[in-house]
Amino acid sequence: MNRIILLEIPFEFGPTKDTIYPVVLQSDDSCVLVDCGYTGFLPRIEKALAQHGLRGELLTHVVITHHDHDHMGALAALKQRYPQVIVVAGEKEVPFIDGHSKPLRLSQAEAMQPNLPPEQQAFGLAFSKILKEVTPCPVDLAVKGGDKFNWCGGCEVIETFGHTAGHISLYLTQQRVMITGDAAAVQEGRLVLANPEYALDQKQAARSLQKLLQYGATEFLCYHGGRLGG
Ligand SMILES: [Zn+2]
């Protein structure tokens, strides 16, 4: 039995309403969560799992597409509560996820801060604070482009650098489903770059989006925006 489950986690930050879409890849011998939400979101992940008859104890792996706080904020808490979970990430993201290196996103935010207009200064400082509050977590398994797993009948790691330096996406070869992470987002029924103004390398991010379109996927699952096609 192979099930690809799109979790739906709505939330509010102040006046902003938004939804993130982690994915679960459930097979007979594995249960893989792809990305795990903001800091403090573990209860929401657990609730979303329960809505599909799943529990954290069943998880075998968690794949982190990249080190941003909305994708790995809850990782340390998840690993602490479910120590059996194997943490998987792209090899270039590992030093940021495990805390060896200062997150490039934080360096980017701090570099932008002096240039922000006065009305955005408070937001900028709050954003940097949120980034600093992410608890790092060791990575158990570092992967690179072309690495394959038997999840859901076959899963290939695709390097989609640009949004961050070592961002990865996952392609389910048998199901022809692309899990984009932040290499693509769904907006108004089409694939776009996720927050291009935050891409650490915009040109590379644009090339990665084109790369994702070349695998013959019939469905795209985007962390921001949800499902397209299928
Ligand atoms: Zn994101």
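In what order do the strands of the open six-stranded sheet with β1 stand? The order is β1-β4-β5-β6-β7-β8, and the pairing is mixed. The model is predicted: local features need pLDDT of at least 70, side-chain atom pairs count only at pLDDT 80 or more, and totals for chains, interfaces and linings use all residues. Residues are numbered from 1 along each chain as its sequence is written. Helices (H or I, at least four residues) and strands (E, at least two) are DSSP runs, numbered from the N terminus. Two strands pair if DSSP finds at least two bridges between them.

In this sheet, β1 (3-6) and β8 (141-143) stand at the edges. Each has a single partner strand, so one side of each is left without a neighbour in the sheet. From one strand to the next, the twist averages 20°. Such angles run from 0 to 180 degrees between N-to-C directions, with axes being lines fitted to C-alpha atoms, for helices over the stretch in contact. β1 pairs with β4 (residues 23-26) in the antiparallel sense, over four bridges. Here L6 has V23 of β4 as its bridge partner.

Strand β7 (residues 86-90) belongs to this sheet too. Four of its five residues are buried, so β7 is largely enclosed by the rest of the structure. A residue is buried if 20 or more other C-beta atoms lie within 10 Å of its own, exposed if 12 or fewer, and partly exposed in between; C-beta atoms are placed from the backbone. Strand β6 (residues 61-64) runs parallel to β7, and four bridges join them. I64 stands opposite A89 in β7. β7 also pairs with β8 in the parallel sense, over three bridges. There, A142 in β8 is the bridge partner of A89.

Another open sheet of six strands has the order β9-β10-β11-β12-β15-β16, again with mixed pairing. Its edges are β9 (148-149) and β16 (226-229). Each has a single partner strand, so one side of each lacks a neighbour in the sheet. β12 and β15 run parallel and are joined by four bridges. The bridge partner of M178 in β15 is F220.

E219 lies in β15 (residues 219-222). It counts as partly exposed because it has 16 C-beta neighbours inside 10 Å. E219 and I179 are 40 residues apart in sequence, yet their C-alpha atoms are 8.7 Å apart in space. Leaving aside neighbours within four places in sequence, E219 is in contact with R176, V177, R227, G229 and G230. Contact requires that the C-beta atoms of two residues, placed from the backbone, lie within 7 Å.

Helix α7 (residues 202-212) has A205, S208, L209 and L212 buried. These residues cover an arc of only 100° around the axis, which puts them on the same side of α7. The arc is that of the directions from the helix axis to the C-beta atoms. K203 and Q210, on the other side, are exposed. The buried residues of α7 pack against β11 (168-172), β12 (177-181) and β14 (190-192).

Helices α5 (residues 104-112) and α6 (residues 118-132) pack at an angle of about 160°, with their axes 10 Å apart. That makes α5 roughly antiparallel to α6; angles over 145 degrees count as roughly antiparallel, under 35 as roughly parallel, 65 to 115 as roughly perpendicular and the rest as oblique. R105, L106, A109, E110 and M112 of α5 make the contact with G124, F127, S128, L131 and K132 of α6.
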